[in-house]
Every structure is written in structure tokens, then in C-alpha cells.
Amino acid sequence: MKLSLTALLAATVAVPAGLASAETLTIQTSFNAGDFSTQYLTETWLPKISEMTDGRVEIVLTPNGSVVPSKETPEAVAAGVLDGDFTSVNYFSGLEPAYAIMGDLISGYDTPEQMLGFCKDGGGEAMMQKAADSVTDGEVHVVACGPYSREALPARTPIRTFDDLQGKKIRSPEGLAAAVFQAAGASPVSIPFSEVFGALEKGIVDAADASAYVNNDATGLHDVAPYPLYPGIHSMPSMQFTINTEKWEALSVEDQAALKTWWYDAMFAMAGEVNRLDKELAERDSAGGKIEVIDWAQADRDKLRVVAREQWEEYATKSELAQEALDANLAYMKEIGLFKE
């Protein structure tokens, strides 16, 4: 692979700069082909990469599972099967417990922008790189990381306060999310995402860890769960943007900087756009009279965060890297005022 890359670079140098072809990177995402995020990035942000690198770099995004299953993207990027990935790191918690802490610190951050700040300026990138190194032996470079949305919580019965969680059956993925709900007095139920609508409709669950408000609206969840909690109280899944280390090192320093800047600019913009759409839909629904949009008081959010922290700390005992990841998050959360001590 090194030999072929060297030959390619030599050939590129021999071509006049204006005629050199762009380096096209194939990046697998954990988005579905028809998702808002896929369309938004493809239409609005992919063209900007060519502009920011003077045509030297282009990216092709492929949908979830198009080349390899999402949980296998780190190995695929390391092997050069993929040039990189743009994936929710929750998929990798089975490879290293630190990914669960880095992927979704349940009930931790209040906004995607806060967690993006942790990745960009608070040590999150370096922590994600350590997690990547632990499973790929340095063959994957973490360019950037962070979430773009906070998920709402559609509910078929009102959950207006922290105390209202008591006894509620809540669809939740296994792991850290389920542990937090259980510690808060709810009963987590593990069912596939495809069965969420039917489970809410039939009363198998009272609420569901599903997706952003805009996505829940699109799939009709509020027809059977007319008491959505928004802004959400729990999940904010973080993404990673990685590139095969050999591919990354072949890029110029200027293009490396451009890709990092591009990704964070795109994620902050997408977070703002999703928030705008979520807010518009929530206001529309509140005014319509058929849906009661519930916004927890800060005191109730703080209670859940205290309970969640106990579960984070217990989960962090699963590996030294998981503990280091939690310590890094807590230090940044204290710095921005989410915890006093």
C-alpha cells in the first residue's frame, strides 16, 4: 500500500498543479440514504471541501452499512477498505468501553454545541484518538468528533418531572442508557428501533429513546406518543470523523487543517439547522392542541444528571481508558458550569 501511494504521489507531482486530479476520499457514514443529515451534508457542505482545498480534496459519503457494518468501520478504515468514516461511536462500545462514554454521556451535556466544544477545544479529539489507537494500532487518524442533535423523548403518557419517571416503561438501547433510566426509577425495555411505533401504539412502552424531534415527527411517532419531551433529557450521540492514517499523512498540512475546519463548521451548522427545525415543529405542535410538548425544568434535568453521573462512574470502571474518558468529560463539564464539583 505504501509503495502504491508513493508512486501515486510521484505521478501527481509530475503533473502541472492546475491539471492534477483531486484526492477523492470515500467516507462511510452511519446515516441512512434518505436522512435529513445525508441530504443536508451532500447538498450544502460537500461542495465546500473542494473550495476550501482549491480542488485538491473531495469527499464521497456513502450510507450506513454500504461497504461494511457500522460497528466494523474502524477496522475497515485501518485496512484501507474505507478511506474514513463519519460514524456514531456508540457502535464501537463493544470494542472498547471508552467509546460508550465518548459516544453518548447520557443526560450529560445540555446542547450539541457544548459537546462539540469538548471535542474541538476540551481534549475530546485526543481522547477519541486514544480509543481509536487501542483498537486499530495507530492506523486510523481521528480528525474531529461531536454530535449534531439532542434526541427528544416521545411519550404516550405525560412525564413532566424527574419523579414522573418512576415506573415508566421506556424503550432504551442496552448499556449506559438503560442503566441511567433504571437508576432514575424507570423500567428500560430493549426492543429494535423498527418496533418503536408499534410498542408505543400498543402500550408496551410508555416512552421511547428514538431520535431527534424532526425525525420522530416524520415517522409519525407523535400520533401515538403525544407527550414528547423536548428539548430531550437523555441522548446526544456523538459522531467521529476519521481518515486512514496513511491517507491523512499524504495530505498537505493546509488540506488537513481545511478538513478539520470543514467538519466542525458543518456540524455546528447542522446542529443549528436541526435545532431550528425541531423548534419550529415543537411550536407548531404546541399550538395545535393535540400534542403537549413537555420541557423539563432545569431542576429536574439537574436531578437526572446527578443520577446519570453515578452510572457513568460505574461504567467507567470497565477499563482504564473509559475512566480517562470520563475524567476528561467531567473536567470540561465543570469548566463550562454543568457541574460545580
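Helices (H or I, at least four residues) and strands (E, at least two) are DSSP runs, numbered from the N terminus. The views below come from a predicted model, in which local features need pLDDT of at least 70, side-chain atom pairs count only at pLDDT 80 or more, and totals for chains, interfaces and linings use all residues. Residues are numbered from 1 along each chain as its sequence is written, and side-chain values use heavy atoms, with hydrogens and water left out.

View 1. Leu221 is found in helix H10, which covers residues 221-224. Because its relative accessibility is 4%, Leu221 counts as buried; the term buried means under 20% relative accessible area, exposed means over 50%, and partly exposed lies in between (1.4 Å probe, protein chains only). Contact means heavy atoms within 4.5 Å. Not counting residues up to four places away in sequence, Leu221 touches Pro154, Val196, Phe197, Leu200, Ala210 and Asn216. Leu221 and Arg156 are 65 residues apart along the chain, and their C-alpha atoms are separated by 9.4 Å.

View 2. Strands of a sheet pair through backbone hydrogen bonds, either parallel or antiparallel. Here, two strands pair if DSSP finds at least two bridges between them. Strand E1 (residues 23-29) is joined to strand E2 (residues 57-62) by six bridges, and the two run parallel. Thr26 has Val60 as its bridge partner in E2. Three bridges join E1 to strand E3 (residues 84-88), also in a parallel arrangement, and in E3 the bridge partner of Thr29 is Phe86. Together with helix H2 (residues 36-52), E1 and E2 make a right-handed β-α-β unit. A crossover is right-handed if, with the strands pointing away from the viewer, the path from the first strand over the helix to the second runs clockwise.

**View 3. An open sheet of three strands.** The strand order in this sheet is E6-E5-E7, with parallel pairing. Strand E6 (187-189) and strand E7 (207-208) are the edge strands, each pairing on one side only. Strand E5 (residues 169-171) is joined to E6 by three bridges. Within this pairing, Arg171 stands opposite Val189 in E6.

View 4. The structure holds one disulfide. Cys119 and Cys145 form it, with their sulfur atoms 2.1 Å apart. Cys119 lies in helix H5 (residues 112-121) and Cys145 in strand E4 (residues 140-146), so the pair ties together parts that are 26 residues apart in sequence. The torsion about the S-S bond of Cys119 and Cys145 is about -110°, and the disulfide is therefore left-handed. Both cysteines, Cys119 and Cys145, are buried.

View 5. Side chains of opposite charge can pair when their charged atoms come close. A salt bridge is a side-chain nitrogen of Lys or Arg within 4 Å of a carboxyl oxygen of Asp or Glu, and by this rule the count comes to 17 salt bridges. Arg276 forms a salt bridge with Glu273, the closest N and O atoms being 2.6 Å apart. Arg276 also forms a salt bridge with Glu280, at 2.7 Å between the closest N and O atoms. Arg276 and Glu280 are four residues apart in helix H12, so about one helical turn separates them. Arg276 is partly exposed at 36% relative accessibility, and Glu280 is partly exposed at 42%.

View 6. The side chains of Asp302 and Arg305 meet in a salt bridge (3.3 Å, N to O). Asp302 and Arg305 are three residues apart in helix H13 (residues 298-315), so about one helical turn separates them. Asp302 is partly exposed, with a relative accessible area of 34%, whereas Arg305 is buried at 3%. Asp110, Arg150, Asp302 and Arg305 are linked in a network of salt bridges.

**View 7. Asp278, a buried charge in helix H12.** Asp278 lies in helix H12 (residues 253-288). Lys and Arg count as positive and Asp and Glu as negative, while His and the chain ends are not counted. Asp278 is buried yet has no salt bridge; the nearest side chain of opposite charge, Arg150, is 9.7 Å away. Not counting residues up to four places away in sequence, Asp278 touches Ala212, Tyr213, Val214 and Tyr230.

Notes:
Disulfide = S-S within 2.5 Å.
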